[in-house]
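Trainee: I would like to go through the labels on this model one by one. Please set each value against its cut-off.

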Amino acid sequence: MKYYIVIPAHNEENLIGLTLQSLISQTVLPSKVVVVNDNSTDKTEEVVLGFAKENPYISVVNKTSDAIHLPGSKVIQAFQKGFETLDSDYDIIVKIDGDLIFPPNYFETIIKHFESDPKVGMVGGFCYIDKNGEWVLENLTDKDHIRGALKAYRKETFHQIGGLKPAMGWDTVDELLCKYYGWKIVTDQSLHVKHLKPTGANYNKTARYKQGEAFYTLGYGFWITAIASAKLAMMKKKPFLFLDYIKGFMKAKSAKTPLLVTPEQAKFIRNYRLQKMKQKLI
């Protein structure tokens, strides 16, 4: 199976080289790697071009955008720009961040999962962060969720879910739509990926409300949002974030922000979320 990788990157000159080094060291190499240099003011482009010289399947695309880092929309707009430069001769499309180090067997293992079952639509490993010299699991989500930093999609799945949505919540709605269309999601706990910059390190203050807005646009409704917000605030060890998330939800509701899903998909998502919550209580 052939896989293509798109890497949105903003000011990653210190880390993108480590990511690319881990990609060119894979036991099964990618057929194409596109790095989208998103408004960087450092030497990100030069570092990538250095790798592209030796590895012709690596290329760079330059994009201009706002310097402000809002989760979701900016990164997916950059992904889209890179994706548009690719042909359709691939089996798996991968979106990764430019601050990861992959083990050498990462993509060989990902491919095996896709080959093992034609209903597998998405696969991913787990992110680990450096805590006092020790690599520990970056525990921000459930074990059955693939982190936005390292998403691999079967081509048919990617098209059926309508690609990636340029909004916060894109890395949740993709999985919920996978389930809606009957695809399986595989997370492999044996695949440890080093995440060199902890999630959310660059988010500005307005991003705090974005999470609540995301819950609204996923069609969660108020009570599921309240439970999800409480859980996330506790996981981040910042209880006051709960209020920010609820504020964001209410703002989006009163502004009648368009949903990322159809009413039918929203109904499925609410039922699925409630089912999962009940399972945890039992």
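Mentor: Start with Ser229, which sits in helix H8, residues 222-235. Helices here are DSSP runs of H or I with at least four residues, strands are E runs of at least two, and both are numbered from the N terminus. The model is predicted, so local features need pLDDT of at least 70 and side-chain atom pairs 80 or more, while totals for chains, interfaces and linings use all residues. Residues are numbered from 1 along each chain as its sequence is written, and side-chain values use heavy atoms, without hydrogens and water.

Trainee: Why does Ser229 count as buried?

Mentor: Buried means under 20% relative accessible area, exposed over 50%, partly exposed in between (1.4 Å probe, protein chains only). Ser229 has 0%, so the label is buried. Not counting residues up to four places away in sequence, Ser229 touches Phe215, Phe242, Tyr245 and Ile246. Contact means heavy atoms within 4.5 Å.

Trainee: What is Phe222, buried or partly exposed?

Mentor: Phe222 is also placed in helix H8. Its relative accessible area is 32%, so Phe222 is partly exposed.

Trainee: How do you know that Cys127 is in no disulfide?

Mentor: A disulfide needs a pair of cysteine sulfur atoms within 2.5 Å. By this rule the count is zero. For Cys127, the nearest cysteine sulfur is that of Cys178, 18 Å away. Cys127 is buried because its relative accessible area is 2%. Cys178 is buried because its value is 0%.

Trainee: Which distant parts does the pair of Asp144 and Lys276 link?

Mentor: These side chains meet in a salt bridge, 2.4 Å from N to O. Asp144 is in the loop between strand E7 and strand E8, Lys276 in helix H10, 132 residues apart. Asp144 has 33% relative accessibility, so it counts as partly exposed. Lys276 has 14%, so it counts as buried.

Trainee: How many salt bridges does the structure hold?

Mentor: The structure holds 12.

Definitions and conventions
A salt bridge is a side-chain nitrogen of Lys or Arg within 4 Å of a carboxyl oxygen of Asp or Glu.
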